[in-house]
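Biologist: Please show me the model, and then we can go through it by question and answer.

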Amino acid sequence: MSIKRYGAVQKGAGGKPLPFARAVEADGWLYVSGQVAMENGEIIDGNIVAQTHKTIENVLAILEEAGYGVEHVVRCGVWLDDPRDFWTFNAIYQQYFGDHPPARACVQSSMMVDCKVEIDCVAYKSKDL
């Protein structure tokens, strides 16, 4: 079994190096690290709507880079800073995952960076395809 790492050398807020890969692929499985509404190393300004779109776009960009699509996502983990954002988040999430809904957990949590949402995911694609 081979293991491929995507974005193992990356920088976060303030240009500080991040000690993890954006994603790791092994045996058809792709594990995408938690993504936030980050652009050029900084969290974007905006409410839950803007940050949810950017966060999901960041997840989808990593999936695409690795040759996966939304239809390959089997599970997402979601952390919301404010539980009152749940229904707004869900409406946006459904726009992206509505045709291929993965299993999902969604919890309220204090964030390590100043963001409103974080999403990670696991995707699977058979090597026979």
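Modeller: What covers the buried residues of H2 includes helix H1 (48–65) and the strands S8 (73–80), S9 (103–108) and S10 (117–124). Contact means heavy atoms within 4.5 Å, and buried means under 20% relative accessible area with a 1.4 Å probe, protein chains only. The model is predicted: local features need pLDDT of at least 70, side-chain atom pairs count only at pLDDT 80 or more, and totals for chains, interfaces and linings use all residues. Residues are numbered from 1 along each chain as its sequence is written, and side-chain values use heavy atoms, with hydrogens and water left out.

Biologist: Which residues of H2 are buried?

Modeller: H2 covers residues 86–97. An α-helix has 3.6 residues a turn, so residues three or four places apart point the same way. The buried residues in H2 are Phe89, Asn90, Ile92, Tyr93 and Phe97.

Biologist: How many helices and strands does the chain have?

Modeller: Helices (H or I, at least four residues) and strands (E, at least two) are DSSP runs, numbered from the N terminus. In that direction the order is β-β-β-β-β-β-β-α-β-α-β-β. The chain has two helices and 10 strands.

Biologist: What is the radius of gyration of the chain?

Modeller: The radius is taken over C-alpha atoms, and the globule rule is 2.2 Å times the number of residues to the power 0.38. For 129 residues the rule gives 14 Å, and the chain is close to that, so it is as compact as a globular protein of that length; its radius of gyration is 14 Å.

Biologist: What share of the residues of the chain count as buried?

Modeller: The chain has 129 residues. The share that count as buried is 38%.

Notes: Buried means under 20% relative accessible area, exposed over 50%, partly exposed in between (1.4 Å probe, protein chains only). The expected span of a helix is 1.5 Å times one less than its number of residues.
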